[in-house]
Amino acid sequence: MSVILNLSEDHRDCIQEVTNVAMGQAGDKLARLLDTFVVLSIPHIAVMAPSDVAMALQAIDSNKSVSGVCQGFIGGGIAGEAMLLFNDTSFADLAKLMNYDDELDQQAERELLMDTTNVLFGACLSGIAEQIDMDFSFGPPMVLGQHQAVSEIFDFRNAKWEQALVTEISYELEGYNVQCDLLLIMTDDSIARLLKKIDYLVN
């Protein structure tokens, strides 16, 4: 736990720079796929307990319900989870952008969720792995829930970690009602290895 509490400003800046580049690459890939402009927020980085993450998610997504997807990743002693939360007003526009003409039922929304997630997660995690000279293996993406409250999608009481390094960034598609939040959650066991890797690369 001492390593977590001693996250220096230099480490925070390095992590923010790495994730900023990777998440920018993900946004660029999504923009090319959908042929529209993607607006990104500045990544927010913090060490959090599961209950803190739950509170942050509630603050991010004040909508009555959201839909979420997660995907685990591991490599070089670093393990974590990527999570994408969509506000529920975005599916009609997302379908239009992806030229999806079929009826927008629950299964169709699920496909749109997975397609968007694959683009963002793939580009973002690959970008991070490339910058820290590491290879990640990915688990299968899983739909956490559709049209549910944030508290149902992320139940902090089930978390198997005490503290994690959490990076959050939001994506919006200009001119469309499409907005999602991407979170990278690196578990407490992984933080020391990540910081060592960053120190090695910086020095």
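Me: What volume does the largest cavity have here?

Reply: Rolling a probe the size of a water molecule over the atoms shows where empty space is left. On a 1 Å grid over the protein atoms alone, a cavity is a set of points where a 1.4 Å probe fits but cannot get out, and lining residues have an atom within 4 Å of a point. Points are joined across faces, edges and corners, and a volume is the space filled by probe spheres set on them. Here the largest cavity comes to about 100 Å³, and the count is one cavity of 30 Å³ or more. Mind that this is a predicted model: local features need pLDDT of at least 70, side-chain atom pairs count only at pLDDT 80 or more, and totals for chains, interfaces and linings use all residues. Residues are numbered from 1 along each chain as its sequence is written, and side-chain values use heavy atoms, with hydrogens and water left out.

Me: Which element gives the most to that lining?

Reply: Helices (H or I, at least four residues) and strands (E, at least two) are DSSP runs, numbered from the N terminus. α2 leads with four residues. The lining includes Cys 14, Ile 15, Val 18 and Thr 19, along with Ile 128, Leu 165 and Met 186.

Me: How many of the lining residues are nonpolar?

Reply: Ala, Val, Leu, Ile, Met, Phe, Trp, Tyr, Cys and Pro count as nonpolar, Asp, Glu, Lys and Arg as charged, and the others, Gly among them, as polar. The cavity lining has 10 nonpolar, two polar and no charged residues.

Me: Which residues of α2 are buried?

Reply: An α-helix has 3.6 residues a turn, so residues three or four places apart point the same way. Buried means under 20% relative accessible area, exposed over 50%, partly exposed in between (1.4 Å probe, protein chains only). In α2 the buried set includes His 11, Ile 15, Val 18, Ala 22, Ala 26 and Leu 30. Just past the helix, Asp 35 has a positive phi of about 55°.

Me: And what about the largest pocket: which residues are closest to its centre?

Reply: A pocket is an open set with protein on both sides within 12 Å along at least five of seven lines. The largest one is about 400 Å³; of its 19 lining residues, Glu 81, Phe 154, Asn 158, Ala 159 and Trp 161 are closest to the centre. That lining splits into 12 nonpolar, four polar and three charged.

Me: Where does Ala 159 sit?

Reply: Look in the loop between α6 and β7. Ala 159 is partly exposed, at 27% relative accessible area.
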